[in-house]
Structure formats: structure tokens, C-alpha cells
Amino acid sequence: MKLHFQDLVRMKGAKPIAMLTAYTCPVARGIEKAGVPVMLVGDTVGMVEMGFDSTRAVTIEHMEYHIGAVRRGAANTHIIGDLPYRTDKDPETALINAKRLIEAGADSVKIEGPKTSIITHLIEHGIPVVGHTGLTPQTAKSFKQVGNTSSEAKRVADEAQEIQDAGAFMVVLEHIPYSLATSITRALSIPTIGIGAGPDCDGQVLVINDALGLGDYWPPFSKQYAQVSETILHVAKAFSSEVASMEFPNNIIQFTGNKKR
Ligand code: KIV
């Protein structure tokens, strides 16, 4: 059963919230089958799937394409769609673009930074919003941890509070000291979702490519549950050598049982 944003709010303090990013239909299908209650179609897609150096190259059309694919794979999961760089530059532009993401299949949208008037505007028009503070890759100069001086920690804590006060139903805390995430989580009434923010957040999000071991760099705070890049290498080498030796397709039994193809 698909969770409404209010169901997610009720999970605060009751049950840890698991969230994975997803960008494609078959991966979304697997994540839904596993019972993960929320997927984030993040603009990380630009870096982990499209080969860009930053998330700033991602467009609203890219997001519509990926949200559509994820929705086709996961009809019954709450999907959050990221508003990419500058597509939320003012309240009206943000509303037009948020509607496009909802039309593509998202249930809610995520906005980076303390853009309180924009968050409020979307909520007034019926669009549930997730906030994001700490490291905010759309505007960050580096991917280093944020919030480790007292003034930075105060700024991040203030931003989280402002995001809640503007009406967001959940907030992502990215790459901040664990103790800061703990105090923000205690201070807010909405769930906090951590990525590199320690165990005390109300939930955790992982980029699916990091979890799969798909790619060639993974942040130190992520965990690889598989080594899919190694599997790809192994499969491609095996296939190519079997074509060379003519073992493939000569030694396979003809398979006609798959009705879909
Ligand atoms: O774009 C994204 O995938 C994100 C997560 C890293 C939280 O914002």
C-alpha cells in the first residue's frame, strides 16, 4: 500500500524510515518488492547514471523521464522527485516545475536549502514538500562535511527549523556531524532522513548505485551491499570471450518461455 506523506510523518519516533534512490524501472521494481516504503528520484541521477560532474546539469525533462520510469516500476511506493538546480528559482517557476514532477508520477517534491517562501507556495497549492539541508550539492563548492564549526552548526540547525516552519513534511540532513543531526532530530516534529548524518535520524537514505556497488567511487559514509560493477566486468568479459570462441550462442538451449519478449 502506498504511503501518504502524513503516514511518513507518523513514523517519526515510531519506526525508522528506509529510503533508497531509484532512477530506472527494473531497479524501482526490486526496491518496491523488498518493501522499502519511500523512493527518491534524486538529481544524483546526473552524477551516478548520466556521467556529469555535478547535479547542476540535470534538467526538469531528465527528472520527468526518470520519475516516469520509477513510477512504472513501483506503482505502490511513495516517490519523492527532486526539483533540479534553478528549477525552483522563484515560487511560480517552482510551482510549474513541481507540477510537472507530480504529473510524471511523483507524490512529493524535494527542494534543497532554506527556500521557505517557495516551500510554502508549493504547499499552498497542494504539493507536499521534503526539505534538504547540511550538504546541498546543487550549490556546494565541495562535498566535504558541513556544520563542524559552531556557526555552521547553528546555520544548519536554523535552516532545518525554517524548513519545518515553512511546512515541509520531512527533511534530508546530508553529511553533517552525528551530534548535530541528533539535536536537530530531537528539536523537529517532522522526520529527519540522514545521509552521512549518523544513526539518530528518523530514517536513512542511500543512493542505490552506492548500495549496489555500481560505479567507481562511493562516499565513505555509504555502504556497498553488493559489487555490481565487478559483476558487469565479469559478465562482459565472459560474453566477449564466448563470442570469440563461438561457445555463445551455440551451447545454449533455445529458450522460448518468456512471454514478455
Ligand atoms: O539527489 C539525491 O539523490 C539526494 C540524496 C543524496 C539525498 O538528494
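This is a predicted model: local features need pLDDT of at least 70, side-chain atom pairs count only at pLDDT 80 or more; totals for chains, interfaces and linings use all residues.
Residues are numbered from 1 along each chain as its sequence is written, and side-chain values use heavy atoms, with hydrogens and water left out.

Q: Why is H78 called buried?
A: Buried means under 20% relative accessible area, exposed over 50%, and partly exposed in between, with a 1.4 Å probe and protein chains only. H78 has a relative accessible area of 1%, and therefore counts as buried. The residue belongs to strand β3 (residues 78-82), where helices (H or I, at least four residues) and strands (E, at least two) are DSSP runs numbered from the N terminus.

Q: What makes the pair H78 and S108 a polar contact?
A: A polar contact is a pair of N or O atoms within 3.5 Å; within protein, one must be able to donate a hydrogen and the other to accept it, and residues adjacent in sequence count only if both atoms are side-chain atoms. The side chains of H78 and S108 are joined at 2.9 Å, so the pair lies within the 3.5 Å limit.

Q: Why is Q164 called buried, and which backbone nitrogen does its side chain reach at 2.8 Å?
A: With a relative accessible area of 15%, Q164 falls below the cut-off and so is buried. Its side chain reaches the backbone nitrogen of S189 at 2.8 Å, and a polar atom of that side chain lies 3.2 Å from the backbone nitrogen of I190. Q164 is placed in helix α7 (residues 150-166).

Q: What makes T21 and D82 part of the surroundings of the ligand?
A: A residue is near a molecule or strand if one of its heavy atoms lies within 4 Å of it. T21 and D82 are among the residues that surround the ligand, as are L40, H132 and I195. Polar side-chain atoms lie at 3.1 Å from a ligand oxygen atom for D43, at 3.0 Å for D82 and at 2.9 Å for K110.

Q: How is the largest pocket defined, and what is its volume?
A: On a 1 Å grid over the protein atoms alone, a pocket is an open set of points with protein on both sides within 12 Å along at least five of seven lines, whereas a cavity is a set of points where a 1.4 Å probe fits but cannot get out; lining residues have an atom within 4 Å of a point. The largest pocket holds about 650 Å³ of space. Of its 32 lining residues, T44, M47, V48, D210 and P219 are the closest to its centre.

Q: Why is M246 called exposed, and what sets its phi apart?
A: The relative accessibility of M246 is 58%, and therefore this residue counts as exposed. Its phi is near 65°, a positive value in a residue other than glycine, whereas most residues other than glycine have a negative phi.

Q: What makes the bond between F248 and P249 a cis peptide bond?
A: Omega is about 5° for the cis peptide bond that joins F248 and P249, while most peptide bonds are trans.

Notes: Grid points are joined across faces, edges and corners, and a volume is the space filled by probe spheres set on the points.
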